[in-house]
Amino acid sequence: MTYPPAASDPQSAVPLLEVTELSTSFRTGRGLLKAVDRVSFRLGRGRTIGVVGESGSGKTVLARTVMGLLAGSNVEKTGSVRFEGQELLGAPNSELRSLWGARMAMIFQDPMTALNPVMRIGRQITESLRLHLDIDRSEARATAVSLLAQVGIPSPEERYGSFPGELSGGMRQRVMIAIALACSPRLLLADEPTTGLDVTVQAQILDLLGSLQYERNMAMVLVTHDLGVVATRTDDIVVMYAGRIVEMAPTSRLFSSMAMPYTEALLASTPRLSNPSHTRLAAIEGRPPDLTALPPGCPFAPRCRYAQDLCRRAAPPLVTAERPDHLYACWYPLGARTGPAPVSHSVSS
Ligand SMILES: Nc1ncnc2c1ncn2[C@@H]1O[C@H](COP(=O)(O)OP(=O)(O)OP(=O)(O)O)[C@@H](O)[C@H]1O
Ligand SMILES: [Mg+2]
């Protein structure tokens, strides 16, 4: 093979997923609620990007918009979502349907509502298989049993006939993973795949996702409110606040030189294994802003312990630090604070 192999393959120049200036707003009784605000990122084949932020920061709306699952007369979407070069924003449902499950799949935040409670789990897997693959009933059954085994369900033959309500939370989450991976998608959007599970089961599920991903060279968008979860399991991290990306960097860079006070506050509020009760050490003070009436300036300023006048007056743009792959939206980034004077930025309109 020649090196670099990528150069000779025109397909590899196209990122698996390219999200550009994506915004999603809801028309509500209180006005337009901008849940996702001009978000851009890229994801390469087999790579993992973590999307972190507090509750209400827009993580689920972002993931659902990328999947093409948000529609309706009260939803406004602008920007672009390109998957393997194909524009998904505004694509007809028939086109999206042929991608779902087969080339891109999603694990939903709440497995109990995402699974059909009155359908046996085996059938829920075979339905997806038969929809996308040209296989007969017995082949689909054998594949489903094998998938249940791969996701670590004991006695998969017996469990094939169980209903979701008969399984523990961790087992239901494994079934969700089996359904999502049934047709070997290129991209998995995993929305809080371990929320509500105890820490040991959380780690098992995340390890399982990681190994399945590696075996299949599948890319993943891992959505979580917990920076600890993405610290060891992602290549890059996107930090969201009030629907915007406020910091984005390769994972190791983010932890070694985080720039945003919000990221620092999120990290301080991450539950630690060393804390016996696994409870949050310190919630971020104050409340996230009302997305129908954002304050002028930086949306985090009212809660930021470093905020200065400028932060309350003008919204900081997303800019690069010393490295082009590290972006942040802060007038007074953390690293610069240790110097004699804050970095001065000019206010852009
Ligand atoms: N269908 C909808 N109509 C109106 N507002 C919505 C709708 N869906 C989400 N929102 C709002 O969009 C914002 C972002 O919600 P989202 O569910 O994406 O947050 P999140 O980051 O996933 O939070 P969590 O960590 O709690 O899951 C919230 O203010 C939410 O109330
Ligand atoms: Mg969510």
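## Ligand shell, helices and sheets

Reader: Which residues come nearest to ligand 1?

Author: This is a predicted model, in which local features need pLDDT of at least 70 and side-chain atom pairs count only at pLDDT 80 or more, while totals for chains, interfaces and linings use all residues. Residues are numbered from 1 along each chain as its sequence is written, and chains are lettered from A and ligands numbered from 1 in the order in which they are written. A residue is near a molecule or strand if its C-beta atom, placed from the backbone, lies within 6 Å of it. Of the 15 residues around ligand 1, those that come nearest are Phe-26, Ala-35, Ser-55, Lys-59 and Thr-60.

Reader: Which element supplies the largest share of the shell around ligand 1?

Author: Helices (H or I, at least four residues) and strands (E, at least two) are DSSP runs numbered from the N terminus. Strand S1 (17–28), strand S2 (31–43) and H1 each contribute at least two residues to the shell. The largest share, 3 residues, comes from H1.

Reader: How many residues of the shell around ligand 1 are charged?

Author: Ala, Val, Leu, Ile, Met, Phe, Trp, Tyr, Cys and Pro count as nonpolar, Asp, Glu, Lys and Arg as charged, and the others, Gly among them, as polar. On that basis the shell holds 5 nonpolar and 9 polar residues, and the number of charged residues is 1.

Reader: How many of the residues of helix H1 are buried?

Author: A residue is buried if 20 or more other C-beta atoms lie within 10 Å of its own, exposed if 12 or fewer, and partly exposed in between, with C-beta atoms placed from the backbone. Helix H1 covers residues 59–67 and is largely enclosed by the rest of the structure. Its buried residues include Lys-59 and Thr-60, both of which are among the residues that come nearest to ligand 1. The count for H1 is 9 of the 9 residues.

Reader: In what order do the 4 strands of the antiparallel open sheet stand?

Author: Two strands pair if DSSP finds at least two bridges between them. S1 and S2 pair in the antiparallel sense over 9 bridges, and a hairpin joins them through 2 residues. S4 (residues 75–83) is joined to S5 by 2 bridges, again antiparallel. The order is S2-S1-S4-S5.

Reader: What angle does the direction of H1 make with that of S2?

Author: Axes are lines fitted to C-alpha atoms, for helices over the stretch in contact, and angles run from 0 to 180 degrees between N-to-C directions; two residues are in contact if their C-beta atoms, placed from the backbone, lie within 7 Å. In the sheet of order S2-S1-S4-S5, the edge strands are S2 and S5 (86–87), each pairing on one side only. H1 packs on this sheet, touching S1, S2 and S4, and its direction makes with that of S2 an angle of about 65°.

Reader: Which strands stand at the edges of the mixed sheet, and why is one side of each left without a neighbour?

Author: This open sheet has 8 strands in the order S6-S7-S8-S3-S9-S10-S12-S11. Each edge strand has a single partner strand, so one side of each is left without a neighbour in the sheet; these strands are S6 (104–107) and S11 (319–320).

Reader: What angle does the direction of H1 make with that of S7?

Author: S6 and S7 run parallel and are joined by 4 bridges, with Ile-107 standing opposite Ala-190 in S7. H1 packs on this sheet as well, touching S3 (48–52), S6, S7, S8 (219–224) and S9 (236–241), and its direction makes with that of S7 an angle of about 155°.

Reader: What phi does Ser-184 have?

Author: Most residues other than glycine have a negative phi. Ser-184 is found in the loop between H7 and strand S7 (187–191), and it counts as partly exposed because 15 C-beta neighbours lie inside 10 Å. Although Ser-184 is not a glycine, its phi is positive, at about 50°.
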